[in-house]
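The following note sets out a few points for a colleague who is about to examine this model.

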Amino acid sequence: MSRTITIEPVTRIEGHARISLQLGDRGEVQDARFHLTQFRGFEKFCEGRPYREMPALTARTCGICPVSHILAANKACDHLLAVSIPPTAEKLRRIINLAQLTQSHALSFFHLSSPDLLLGWDSDPATRNIFGVMRQAPALAKDGIRLRQIGQTIIETLGGKKIHPTWVVPGGVSEALTPEKREAMLKLLPEGLEIAKRTYAFFKTLVPKFKDEAANFGTRDTLFLSLVSPEGNLEHYDGFLRLKDARGHLLEDKVPTWEYERMVGEAVEDFSYMKFPYYKAQGYPAGVYRVGPLARLNNANACGTPYADVALAEFHMLQESGPIASSFHYHYARLVEIIYALEMMDRLLKDPDILDTRVRARARSNRDAGIGVAEAPRGTLMHHYKIDDNGLVTWVNLIIATGHNNLAMNQAIRQVAEAYVDGNQLREGMLNRVEAVIRCFDPCLSCASHAFGQMPMLIELLDTSGQVVHRLSRD
Amino acid sequence: MPPANPQANVRVVTLTIDGQDLSARADETIIEVCRENQIPIPSLCYLDGLSIWGACRLCLVELEGQNRLFAACSTRVAEGMRITTQTERLRRYRRTIVELLFAERSHICSVCVSNNHCELQTLAQKCGVDHVRIPYRQARYQMDSSHELFRLDHNRCILCTRCVRVCDEIEGAHTWDVMGRGSDCQVITDLAQPWGESETCTGCGKCVQVCPTGALVKQGTSAGEMVKDKHFLPILARRRHAP
């Protein structure tokens, strides 16, 4: 008889979710779904607020990646003001963004995913966590905590606090950088880079052990979306949208960010509070694409910093040709990006203009709609606001990095479940692999929650023969 | 009413506040004597330079021999008065009053333009409000962003009426007033018109500077950027009412 396996809650991710696996008569996986179970409502309750509050308001969607929301929101506000921000302000914003990328990637790799990689998929779940890693590989755990601290300290030095800083403002940043703060941050970076390089070298030795997982963890063809610089290089703050297919052909390139609606459509399903964005030209659900570190590295011609470029070349050697397909390699891409972030922060902090005191452009709203796009650690983040004549927000659309990956995540868990889950001889390690593929994407579900109208809620009570005996629904 | 001009021949009274022997002019209020002697006493509607309103009830004190509590802002000192400003009962009432203010409207400090520069926030910290025990009303109020220079957010208004009084007593425009009753009470400009359409507003910004919260702020400010300066008020008030 067919039955459903529910994995709830999915652990070691940011936010609340559950996975349901539908098994057929012979215990084989027939369907797999990833359900986002939490509801936030930011797009609705921000209506009526002044647009200048949007950075502080939307930052509250997340405690891990608030800087990404702050940047996307402020870029949307810059767009509303119709100003070009001072070049120094842009560089400072880039630094805080890279600091967050470092700490967030460190959290994902060391705290959330390394227990699977070091202790094994089938190890005891009671110790398969960061504390287990501390016992087995204390130096690695210490490195992870320190790397995260370095990222957080740079955010605090620039923004005044580690979480939800208000230093980035529409038109630039509120305070110029002081020489003392610059020196303090520069002192942290060499240690961070050493940790990143050490971890990268260690992870390279692990990759061959996970050939099986790499072959099954979300390898099906998808497109890749990310920002790239005007030269086509790795970019996290500005630039243009690029969409590449699974064979490496450019479907879209040099697309200005404010034209995102031409590319990205949004669908909703009744089983999840997460939207299902898709590439419009290929329709729903065929237009599956991935965002995040894997997509960024697949789309970038180069990183533009020495060690990261070497690592990027090695990344491309993971596969014979074309964009790297396996979602397992999100981990690899994350480590390459940490190296890039630390190198680039060092370069930006040594920029001769970085202490310039002109860091803010002042203006009133000069447009009635503003679009801000930045690369969050988990992928392309889009904020789109419309305002009235008095500067009050009338409409908000947020497309969250994790949301872009929704279709791909559903596809990936089905692939992993088909490869590993045997309904007749169910083992915990099988289900852990299903969770682990989700961890590759490092989803931030508290950010990605969305409700389209009134979400229907349905509870069904089934008897042993699978017949519905009672049904409760909210329309 | 504007504050009375100091009279030439006012007698001096002696009193004790929290066990401290003090002397004061007989025309002074308890809160004035407390302020002069650096005795901390919380208040929100009271502001040196404006008339007494007595609305917030945060400055309540105990008088020996009296069962009821007295608002320090509206009670004149008297000979032999024995005043206590800090008791368990007063602390409990003050905390509850601040909690009620938080529960009444949406004071979300972290995203407010007045964050870290807000009298209500400071008071909450001093009164030990680490959480609000009263259910939030969750009422949603409109914002008025029609003025070129300033913005009004009813969600953050505590109805202290400082704006109403400063506009009337110091600026002389009387643009602000209060409309409605109970929890529907709101400050309004002119006859409840949008602020930007007010014919009486001079755009002086005094109301913004005296507002204790993020209800009245300058346009163009982001979270935590609205810093207010009330130093002008006692100086202007004395000049306005000089004989």
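1. In this predicted model, A:Val336 makes contacts with A:Leu297, A:Ala308, A:Ala311, A:Leu312 and A:Phe315, when its neighbours within four places in sequence are left aside. A:Val336 is also one of the residues with the most contacts inside the largest nonpolar core.

2. That core comprises 198 residues. Besides A:Val336, the residues with the most contacts inside the core are A:Ile339, A:Met345, A:Ile413, B:Cys59 and B:Cys163. The element that gives the most to the core is helix α12 of chain A (residues 330–349), with 13 residues. Chain B takes part through two domains: domain 1 (12–86) and domain 2 (91–240) each supply at least three residues to this core.

3. The contact between the chains involves 17 residues from chain A and twelve residues from chain B. On the side of chain A that touches chain B, helix α2 (residues 54–59) provides the largest share, three residues.

4. The surroundings of B:Ser145 include residues of both chains. Not counting residues up to four places away in sequence, B:Ser145 touches A:Pro50, A:Asn390, A:Gly391 and A:Leu392, together with B:Arg151. Within chain B, B:Ser145 and B:Gly196 are separated by 51 residues in sequence, while their C-alpha atoms are 7.8 Å apart in space.

5. For chain A as a whole, the secondary structure amounts to 16 helices and 16 strands. Among contacts in chain A with a separation of 6 or more, 71% are between residues 24 or more positions apart. Of the 475 residues in this chain, 53% count as buried.

6. What radius of gyration does chain A have, and how does this value stand against that of a compact globule? The radius for chain A is 22 Å; because a compact globule of 475 residues would have a value near 23 Å, the two agree. Along the principal axes, the C-alpha atoms of chain A fill a box of roughly 70 × 55 × 40 Å.

How values were computed:
Residues are numbered from 1 along each chain as its sequence is written. Chains are lettered from A and ligands numbered from 1 in the order in which they are written. This is a predicted model: local features need pLDDT of at least 70, side-chain atom pairs count only at pLDDT 80 or more; totals for chains, interfaces and linings use all residues. Helices (H or I, at least four residues) and strands (E, at least two) are DSSP runs, numbered from the N terminus. The radius of gyration is taken over C-alpha atoms; the globule rule is 2.2 Å times the number of residues to the power 0.38. A residue is buried if 20 or more other C-beta atoms lie within 10 Å of its own, exposed if 12 or fewer, and partly exposed in between; C-beta atoms are placed from the backbone. Two residues are in contact if their C-beta atoms, placed from the backbone, lie within 7 Å. A nonpolar core is a set of buried Ala, Val, Leu, Ile, Met, Phe, Trp, Tyr and Cys residues joined through C-beta atoms within 7 Å. Domain bounds come from an automatic or database domain assignment.
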